Amino acid sequence: MSGLLRSLKLLPAFSSMCNVQIRTRTTKHWNPKFKKLRGLKFIKVDLPKEEDFKDSPGELSREQIRAKMKERGILPGRAWSERPVCISATGAVFEPYVPPEGDGKVSSITRMGAKQKLEYVEKKSKSMMALRKIRSFEEEFEFDEFLKEAQEIYINAHQSMVNKDRDKLPLYVTERAYPEVVHNIGDKTINWRFLESIEPPKVVHVRCLDVITKTNIFSQITVRFHTQQILAVYDRFGRLMHGNENIPKDVLEYVVFEKHLANQYGKWRIHDKIIPSWMPPKEPSSKTYLVPEDVEGTLTKKEAVPATT
């Protein structure tokens with residue numbers, strides 16, 4: 001025992017001779033007076049007890065639960081608000097109908113008319129497949145009844161445009177066509193009358209498309225209208241821009257009607273109009289001109305500058 005003590009006493013001298021540093025780890029600070037201050041750095045937190053909420057959750061009111069959570073520093077959970085998305089109309093015309101050139105003027109006896117009839121028969125197969133899809137949702141769907149309804153929708157939509165009735169317009173036009181219609185009737189006075197149908201309305205194109213899921217199906221039917229109408233458009237100053245109130249015009253239009261078949265309360269509405277490239281452009285509308293004054297104060301008509309109406 002005495003030999004062991006003697007060797008321990010000689011250990012520092014031996015380590016200094018061999019340049020060996022012996023480090024000892026200790027958790028104690030060299031100055032004990034800071035022990036209390038070190039203890040104050042740690043704050044004991046009263047952790048929430050799950051038993052407070054699990055034992056009787058039904059007995060606590062909403063305000064009491066909120067007060068307990070606020071007392072313990074717990075943020076209340078955000079309620080998950082899932083907003084339903086309703087896609088009631090598509091954003092474009094899928095597989096748009098291409099009207100044959102000279103439609104309404106070419107006879108079926110001529111070469112061009114016979115070619116049109118042949119192309120119509122070739123495209124009819126896809127339309128019949130789409131018709132079967134429509135009848136899977138509406139068993140009693142018939143073209144004759146639909147054409148009567150389509151003509152009523154066509155007339156009512158134009159009457160709503162004339163009256164600028166923005167509450168009734170969504171009943172006859174889809175969400176895609178509504179902004180265009182509202183833009184076209186802004187700052188204008190429209191006089192429009194439907195006189196008669198030169199040819200009965202005719203279904204020329206039928207297509208169906210599923211959106212997101214296979215059961216969410218939209219249908220689009222293109223109807224050919226050949227009618228006689230009267231149209232006169234006036235600007236905000238009461239000046240005639242387009243048309244004439246006394247001269248009827250023959251109008252050939254291809255109107256696309258759309259319906260959300262998967263929606264039980266879906267309705268046929270105007271979705272778009274197809275304007276073929278061969279159709280002659282409409283009559284140019286009149287413009288409002290700002291006539292500047294010259295140096296002497298007289299109006300110079302040659303230097304008239306067009307202004308927006």
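**Figure 1. Overview of the protein.** The protein exposes about 23800 Å², and carbon and sulfur atoms supply 56% of this area. Accessible areas come from the Shrake-Rupley method with a 1.4 Å probe, and for residues only the protein chains shown count as cover. The model is predicted: local features need pLDDT of at least 70, side-chain atom pairs count only at pLDDT 80 or more, and totals for chains, interfaces and linings use all residues. Residues are numbered from 1 along each chain as its sequence is written, and side-chain values use heavy atoms, with hydrogens and water left out. The protein has eight helices and six strands; helices (H or I, at least four residues) and strands (E, at least two) are DSSP runs, numbered from the N terminus. Read from the N terminus, the order of elements is α-α-α-α-α-α-α-α-β-β-β-β-β-β. Of the 309 residues, 28% count as buried. Buried means under 20% relative accessible area, exposed over 50%, and partly exposed in between (1.4 Å probe, protein chains only). Among contacts (heavy atoms within 4.5 Å) between residues at least 6 apart in sequence, 62% join residues at least 24 apart.

Figure 2. Four strands form an open sheet in the order β1-β2-β3-β4, with antiparallel pairing. Its edge strands are β1 and β4 (269-274), each of which pairs on one side only. From one strand to the next, the twist averages 30 degrees. Two strands pair if DSSP finds at least two bridges between them. β1 and strand β2 (residues 217-234) pair in the antiparallel sense over 17 bridges. The bridge partner of D210 is I217, in β2. Helix α6 lies across β1, β2, β3 and β4, and runs at about 135 degrees to β1. Axes are lines fitted to C-alpha atoms, for helices over the stretch in contact, and angles run from 0 to 180 degrees between N-to-C directions.

Figure 3. Side chains of opposite charge can pair when their charged atoms come close. A salt bridge is a side-chain nitrogen of Lys or Arg within 4 Å of a carboxyl oxygen of Asp or Glu, and by this rule the protein has nine salt bridges. In one of them, the side chains of E95 and R207 meet at 2.7 Å, N to O. E95 lies in the loop between α4 (62-71) and α5 (111-137) and R207 in strand β1 (residues 189-210), so the pair ties together parts that are 112 residues apart in sequence. E95 is partly exposed, at 46% relative accessible area, whereas R207 is buried, at 8%.

Figure 4. The side chains of R135 and E142 meet in a salt bridge of 3.3 Å, N to O. R135 is partly exposed, with a relative accessible area of 33%, and E142 is partly exposed at 41%. K259 forms a salt bridge with E138, and their closest N and O atoms are 2.1 Å apart. Since K259 lies in strand β3 (residues 240-260) and E138 in the loop between α5 and α6 (143-163), this pair ties together parts that are 121 residues apart in sequence. K259 counts as buried at 10% relative accessibility, while E138 counts as partly exposed at 23%. R176, E180 and D272 are linked in a network of salt bridges.

Figure 5. S160 lies in helix α6 and counts as buried, at 5% relative accessibility. Leaving aside residues up to four places away in sequence, S160 touches D165, K168, L169 and Y172. V173 lies in the loop between α7 (169-172) and α8 (177-184). V173 is buried too, with a relative accessible area of 4%. With residues up to four places away in sequence again left out, V173 touches A157, Y178, V181, R269 and I270. V173 and E258 are 85 residues apart in sequence, and their C-alpha atoms are 9.0 Å apart in space.

Figure 6. A disulfide is a covalent bond between the sulfur atoms of two cysteines. Counted as a pair of cysteine sulfur atoms within 2.5 Å, disulfides number zero here. C86 is exposed, with a relative accessible area of 66%. C208 is partly exposed, at 25%.
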